Amino acid sequence: MASSAAVDRPAMATNPRYIFFTDFDGTITLQDTNDWMTDHIGFGAEKRKGGNGSVLTGERSFCDSFQEMMDSINNTPYEECIELLKKNIALDPKFVSFFDWCDSNNVPIVILSGGMEPVIHGLLSHWLGEDNVRRRLQIVSNNVVAREPGVKDMWKDAGGWRLTYHDESSFGHDKSIEIRKYSKLTEAEGRPVIFYAGDGVSDLSAAHEADLMFAKAGKDLVAFCDRENVPYTEFNDFGDIAKIVEDIVEGRTTVEAVVNKK
Ligand SMILES: [Mg+2]
């Protein structure tokens with residue numbers, strides 16, 4: 001039924017021919033919000049890097065390590081975290097014009113993130129305007145809840161919040177789950193062409209579902225794609241992405257031509 005389809009697949013509301021899925025930290029932003037908070041108001045860069053190392057060797061799960069990072073910053077009230085990030089994290093300077101172009105050309109943008117929804121929403125509202133974010137973007141990510149049932153205000157109280165995961169996967173958020181709702185559609189059901197942009201290891205699961213994947217130059221995802229033989233197109237900033245997406249949508253090239261170019 002149309003109504004349940006709209007709930008399952010919000011990005012299909014305008015019957016788009018293309019959907020742009022993207023990671024947030026390090027892809028749309030120039031720095032990683034969670035790393036910044038851990039390094040500056042949490043247990044610090046050294047311990048964070050040690051934690052990342054033990055995840056890579058398989059000693060610890062990503063979920064446990066990331067939860068510990070977030071627990072180390074949770075003495076700072078959540079609203080204060082967002083204010084600090086507004087001052088210290090920058091948006092890819094080419095993202096705003098891409099965002100506007102997508103809006104004018106019926107290409108919905110869906111953010112798939114292993115970060116926290118209120119941080120992403122807070123920063124994007126700061127950069128793009130609250131109304132634009134509510135109206136023109138969908139955010140699927142991990143979230144936060146009140147740490148204890150007795151917390152008065154989880155946004156304002158020190159120690160008032162804690163991280164909660166989106167699903168049971170080893171990354172806390174399996175990005176392929178959301179994309180698969182669209183990629184499994186048949187042509188008769190209006191399956192859209194799926195773009196994806198990312199920079200890290202957690203983007204790899206999404207890569208398998210995308211028709212065209214953009215991987216940020218010099219970052220982990222490029223190395224993983226090379227190792228796993230996943231095709232990708234490198235980008236330095238959203239100017240590179242915009243050029244290719246616009247050429248495809250406006251008929252000057254095809255997804256196949258771009259994928260096979262490498
Ligand atoms: Mg990232």
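View 1. Asp23 (OD), Asp25 (O) and Asp199 (OD) are the protein donors of the magnesium ion and lie 2.2 Å from it. The model is predicted: local features need pLDDT of at least 70 and side-chain atom pairs pLDDT 80 or more, while totals for chains, interfaces and linings use all residues. Residues are numbered from 1 along each chain as its sequence is written, and side-chain values use heavy atoms, without hydrogens or water. Donors are N, O and S atoms within 2.8 Å of the metal (3.2 Å for Na, K and Ca); water is not among the atoms, so sites may look incomplete. The donor residues follow the spacing D-x1-D-x173-D in sequence. Asp23 and Asp25 are both buried (under 20% relative accessible area, 1.4 Å probe, protein chains only).

**View 2. The largest nonpolar core.** This core has 50 residues, and Phe20 and Phe98 touch the most other members. Helix H12 (residues 238-249) gives the most to this core, six residues. A nonpolar core joins buried Ala, Val, Leu, Ile, Met, Phe, Trp, Tyr and Cys residues through side-chain atoms within 4.5 Å. Helices are DSSP runs of H or I, at least four residues, numbered from the N terminus.

**View 3. Contacts of Phe20.** Leaving out residues up to four places away in sequence, Phe20 touches Phe98, Phe195, Phe214 and Phe238, among others. Its partners also include Val107, Pro108, Ile109 and Val110. Contact means heavy atoms within 4.5 Å.

View 4. Cys63 is buried at 14% relative accessibility, and Cys81 is buried at 1%. The disulfide count is zero, taking cysteine sulfur pairs within 2.5 Å.

Terms used
Helix = DSSP H or I, 4+ residues; strand = E, 2+ residues; numbered from the N terminus.
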